[in-house]
Amino acid sequence: MISITVTALVFGVIFLAELPDKTALTGLVLGTRYRASYVFAGIAAAFLLHVALAVAAGSVLTLLPQQIVHALTGVLFLGGGAMLLKKDDDEEEIKKPADQSFWKVAGTGFMLILVAEFGDLTQIMTANLAARYDAPLSVGLGAVLALWAVAGLGIVGGKALMKRVPLRLITKIAALLMLTLGVWSLWEAVAG
């Protein structure tokens with residue numbers, strides 16, 4: 001069963017955390033060079049795989065006692081918030097495929113995201129959220145929709161958004177949300 005509340009919370013947290021990440025930049029760069037639908041297909045497939053792995057890992061954590069899960073997720077959220085605050089904006093070079101066919105362009109987007117985002121902060125956050133809420137479908141749906149939304153924004157309107165909303169502000173809001181979730185999880189571990 002899908003919980004709209006959990007899905008919405010996960011969407012908000014993952015969206016804000018991923019927005020200042022390299023996904024929007026990757027989507028923006030690929031989207032300016034290639035057909036947007038091809039780029040999105042590859043990026044979307046890679047994120048679907050990442051979320052499935054993260055939700056599976058988080059679901060395994062639910063087998064532990066709740067206090068331990070709350071303590072672990074609290075520490076990981078605090079670490080994630082700290083990582084966002086220390087984050088530097090490094091650009092990665094994007095290799096241009098030899099032709100513009102669907103499989104070449106989608107494959108390029110898929111491989112870039114698969115490699116660049118493996119073990120990334122949002123993948124770890126998704127696993128934490130899956131462990132925290134024990135609602136794998138809701139967490140998975142919220143995370144996938146958030147990651148796809150960021151990729152889509154990057155592909156079609158990344159430049160415009162970054163001109164209107166400072167990247168630092170987005171990063172600080174995401175970090176504050178993560179730190180709040182971390183403190184809340186640690187409080188539940190101690191109080192529970």
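From the N terminus on, the elements of the protein run α-α-α-α-α-α-α-α. The secondary structure comes to eight helices and zero strands. Helices (H or I, at least four residues) and strands (E, at least two) are DSSP runs, numbered from the N terminus. The model is predicted: local features need pLDDT of at least 70, side-chain atom pairs count only at pLDDT 80 or more, and totals for chains, interfaces and linings use all residues. Residues are numbered from 1 along each chain as its sequence is written, and side-chain values use heavy atoms, with hydrogens and water left out.

Of the 192 residues of the protein, 45% count as buried. Buried means under 20% relative accessible area, exposed means over 50%, and partly exposed lies in between (1.4 Å probe, protein chains only). Contacts were then examined, a contact being heavy atoms within 4.5 Å. Among contacts with a separation of 6 or more, residues 24 or more positions apart account for 92%.

In soluble globular proteins, nonpolar side chains tend to be buried together. The largest nonpolar core here has 32 residues. A nonpolar core is a set of buried Ala, Val, Leu, Ile, Met, Phe, Trp, Tyr and Cys residues joined through side-chain atoms within 4.5 Å. Val10, Ile14, Val39, Ile43 and Val139 have the most contacts inside this core. Two or more residues come from each of helix 1 (4-18), helix 3 (36-61), helix 5 (102-117), helix 6 and helix 7 (136-164). Helix 7 gives the most, with eight residues. Ile43 touches Gly27, Gly109, Phe110, Ile113, Ala151 and Ile155, not counting residues up to four places away in sequence.

Helix 1 has 15 residues. From its first C-alpha to its last, helix 1 reaches 21 Å, close to the 21 Å expected at 1.5 Å a residue. The expected span of a helix is 1.5 Å times one less than its number of residues. The buried residues of helix 1 are Val6, Thr7, Val10, Val13, Ile14, Phe15, Leu16, Ala17 and Glu18.

Helix 6 has 13 residues and spans 18 Å between its first and last C-alpha, close to the expected 18 Å. This helix is mostly covered, with eleven of its 13 residues buried. Among the buried residues are Leu121, Met125, Leu129 and Arg132. Thr126 also has its place in helix 6. At 1% relative accessibility, Thr126 counts as buried. Leaving aside neighbours within four places in sequence, Thr126 is in contact with Ile14, Val51, Ala54, Val55, Val139 and Ala143.

Side chains of opposite charge can pair when their charged atoms come close. The count here comes to one salt bridge, defined as a side-chain nitrogen of Lys or Arg within 4 Å of a carboxyl oxygen of Asp or Glu. Glu188 forms a salt bridge with Arg132, and their closest N and O atoms are 2.7 Å apart. Glu188 lies in helix 8 (residues 167-191) and Arg132 in helix 6 (residues 121-133), so the pair ties together parts that are 56 residues apart in sequence. Arg132 counts as buried, at 9% relative accessibility.

The charged end of Arg132 also sits over two rings. A charge sits over a ring if NZ of Lys or CZ of Arg is within 6 Å of the ring centre and within 35 degrees of the ring normal. For Trp184, the charged end of Arg132 is 4.6 Å from the ring centre. For Tyr133, the distance from the charged end of Arg132 to the ring centre is 5.2 Å.

Just after helix 6, Asp134 takes a positive phi of about 45°. Most residues other than glycine have a negative phi, and most peptide bonds are trans. Asp134 is found in the loop between helix 6 and helix 7. Asp134 is exposed, with a relative accessible area of 54%.

The structure holds four aromatic pairs. Rings of Phe, Tyr and Trp (its six-membered ring) pair if their centres lie within 6.5 Å; planes under 30 degrees apart count as stacked, over 60 as edge-to-face and the rest as tilted. The rings of Tyr38 and Phe102 have their centres 5.2 Å apart and their planes at 85°, so the pair is edge-to-face. Tyr38 lies in helix 3 and Phe102 in helix 5, so the pair ties together parts that are 64 residues apart in sequence. Phe102 and Trp103 also pair edge-to-face, at 4.9 Å centre to centre and 80° between the planes. Phe102 is partly exposed, with a relative accessible area of 29%, and Trp103 is exposed, at 70%.
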